[in-house]
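Hello,

Here is the structure I said I would pass on. My notes on it follow below.

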Amino acid sequence: MLARQLSLTDGLATPRYRRPAGAAAAQAPAPPLSRAASLAAAVTITATAVGPKDARRAAQRASRKLPLIAFVAGALLLLLVLLGSSRWRLGAASDQQPAWPGGEGSVRRHRKLDQPPPQPAVVQGMSLDVAPIVQQQAEEQGAQQAEEQGAQQAQQVEEQGVHQAQQAEQQGAQQDEQAAGTAGDGSSAGEGAAAATAAATAAATTAVAAEEWAEGGVDDSIWKEGVPSPYQAALQRCMELEPTLACLKEAAQQKRYRGQFLFPHFFIVGWQKCATTSLFHNLKDHPGIVIPVEKEPEYFSDDCGYDPAACPPDSQREYIQETLFLPRVLRNGLYRAMFEGSTHYGREGAKLAHGLRQTFPWLKLVASLREPISRFLSMLGHNVDKDNYNCLVKHDLFDCLLKELPLNNYTSPVATWLDAFPPQQLKLVQYESLTSPEREAENLRAVKSFLGLNPDEPRSQLPQSNTRAARLGQEPEGWKLLRWQYERLVEVVRPDAASIASLVQQHGWGDGAQWLANWEAVWQANLDGCGPGPEGECLIS
Ligand SMILES: Nc1ncnc2c1ncn2[C@@H]1O[C@H](COP(=O)(O)OS(=O)(=O)O)[C@@H](OP(=O)(O)O)[C@H]1O
């Protein structure tokens, strides 16, 4: 490392190197200084290296003629020291200005103005410890930029979410307008009156349905315009502070206004392959329903292992906010219902029903049931098409059905649902009746009345969603069985069918005898398609 000192005459910014002893050394050219070093030296100048040259000589002469000149020299020395000191102060003052475009003060300005930090080459050559500062500032700048970017992204995501929610709200508002328009725009007085009656019926149905539930309850005496109901306020607090299942249940102890739905309002719990997708789509178009995000969240099966007490806390927040859309439901003042449809729930009643009742005691449940052999074959087709594991891997079709059908009976899971929930909160619908052109409207109306929704909405028919024919791109060929095999299978499922029909009758879900007759008609239609005799071939669809 080069030792260096500043010459008194060379000014403040020009360093000279101490010459080594000897002429050669004396004549040796001073090593060139890098611009950085010279700039840095200008910054590192100190008081000890400063003083006028003449003053030093005078001091030397004075020392040789001591003591006569001592007094004068002392005085001169004092004077010159004072001069030197004032010059040093002048130099030190100039040091406070950055000596390079990227000096420390300048770095700060750079940062403020959001300009790039000084070039690393200059920074590395400095004798001042500026490099780490610059590096730190660059890091800070990077962190700041990252933070700003993160904030921007978060804002974008939020805006996107808000945009989606706004779209849903607009959709909801359009639905409202349509409903209002229908009541007022009737081309004849008769139509207008009919629409008004329907709206009044719907309002009455909703009120009755809301009052049925034992939680907090409806209280007309607390209604204040523009003020959220206690239930609404409690749910708002859940959303902001603690979006958990427990918080939703606690909130439901609060009073609510007439027409406000408890959250969530209902679930479609099954069964698979019983037109649940079509039902879901019909209901989600209802103006009294907040459009749900997806049909099969399967939250309580996939995330909680069918035990709501085991639902992970983080997933509860996600489920409540992003699947059940609590924010959106609150924006609608709880006057629109929220639901989800997870078709694995139904068949797992033994595991789930009591836990779900504990979690949402007010919950209404809708389940569609299809003639058991057809339902099983539809499910089998689904698994074959999707390459999912299925019993045909190990058995032929008849053995597969013989083995699996008893395990897929309806009665035991329905019994557990009934054990956990009051029958008034459960509605069984029959697939064959729901999807029959003559009975579809009546069945849909019954479901909506049960849910406390205007039974005349939506105007659309039940769609044909999730059909095997659409998946295959053609009508499925049908499953080959022999007559005696099909008859045997009917005998296997008949007791379950009869038992369900009896429950339907008992709980007022419909006409039990008709229910059984509908399934018998399916069996008969299939048998009618078989060849003659016990070995006659049938194509079951
Ligand atoms: N409107 C109407 N009329 C008659 N049949 C209908 C209708 N809507 C749905 N479906 C039939 O229901 C089967 C699909 O049921 P899901 O949507 O519940 O299936 S899933 O469990 O959600 O995968 C599926 O049965 P398969 O085609 O036999 O597989 C659909 O064709």
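Phe360 and Trp362 are both buried, where buried means under 20% relative accessible area, exposed over 50% and partly exposed in between, with a 1.4 Å probe and protein chains only. This is a predicted model, in which local features need pLDDT of at least 70 and side-chain atom pairs count only at pLDDT 80 or more, while totals for chains, interfaces and linings use all residues. Residues are numbered from 1 along each chain as its sequence is written, and side-chain values use heavy atoms, with hydrogens and water left out.

Aromatic pairs

The whole structure holds 17 aromatic pairs. Rings of Phe, Tyr and Trp (its six-membered ring) pair if their centres lie within 6.5 Å; planes under 30 degrees apart count as stacked, over 60 as edge-to-face and the rest as tilted. One of the pairs is Tyr299 with Tyr319, which is stacked at 4.1 Å centre to centre, with 10° between the planes. Tyr299 belongs to helix H12 and Tyr319 to helix H13, so this pair ties together parts that are 20 residues apart in sequence. Helices (H or I, at least four residues) and strands (E, at least two) are DSSP runs, numbered from the N terminus. Both Tyr299 and Tyr319 are buried. Phe360 and Trp362 form a tilted pair, at 5.6 Å centre to centre and 45° between the planes.

Charges over rings

A charge sits over a ring if NZ of Lys or CZ of Arg is within 6 Å of the ring centre and within 35 degrees of the ring normal. Arg357 lies over the face of Phe421, 5.7 Å from the ring centre. Lys364 lies over the face of Phe450, at 4.7 Å from the ring centre.

H16 and H19

How do helix H16 (residues 349-359) and helix H19 (residues 411-420) cross? Their axes come within 8 Å and cross at roughly 15°; axes are lines fitted to C-alpha atoms, for helices over the stretch in contact, and angles run from 0 to 180 degrees between N-to-C directions. That makes H16 roughly parallel to H19, since angles under 35 degrees count as roughly parallel, over 145 as roughly antiparallel, 65 to 115 as roughly perpendicular and the rest as oblique. The crossing of H16 and H19 is right-handed, a term for the near helix being turned clockwise from the far one by less than a right angle, with anticlockwise being left-handed.

On the H16 side, Gly349, Ala350, Leu352, Ala353, His354, Leu356 and Arg357 meet Pro413, Thr416, Trp417, Asp419 and Ala420 of H19. Contact means heavy atoms within 4.5 Å. The buried residues of H19 are Pro413, Val414, Thr416, Trp417, Leu418 and Ala420. Besides H16, they pack against strand S3 (266-270), helix H15 (344-347), strand S5 (364-369), strand S6 (426-430) and helix H23 (483-506).

Two buried residues

Tyr306 sits in the loop between H12 (299-303) and H13 (313-323). With 11% relative accessibility, Tyr306 counts as buried. Leaving out residues up to four places away in sequence, Tyr306 touches Phe300, Ser301, His344, Arg347, Glu348, Lys351 and Leu352. Glu348 is 42 residues from Tyr306 along the chain, and their C-alpha atoms are 7.7 Å apart.

Asn526 is part of helix H24 (residues 512-528) and counts as buried at 10% relative accessibility. Apart from neighbours within four places in sequence, Asn526 is in contact with Tyr486, Ile540 and Ser541.

Backbone exceptions

Most residues other than glycine have a negative phi, and most peptide bonds are trans. The peptide bond from Phe263 to Pro264 is cis, with omega near -10°; Pro264 is in the loop between helix H10 (245-251) and S3. Glu457 and Pro458 are also joined by a cis peptide bond, with omega about -15°.

Ala275 has a positive phi, near 65°, and lies in the loop between S3 and helix H11 (276-284). Phe325 has a positive phi of about 55° and lies in the loop between H13 and helix H14 (326-331).

Chain totals

The chain has 24 helices and eight strands, and 43% of its 541 residues count as buried.

Regards
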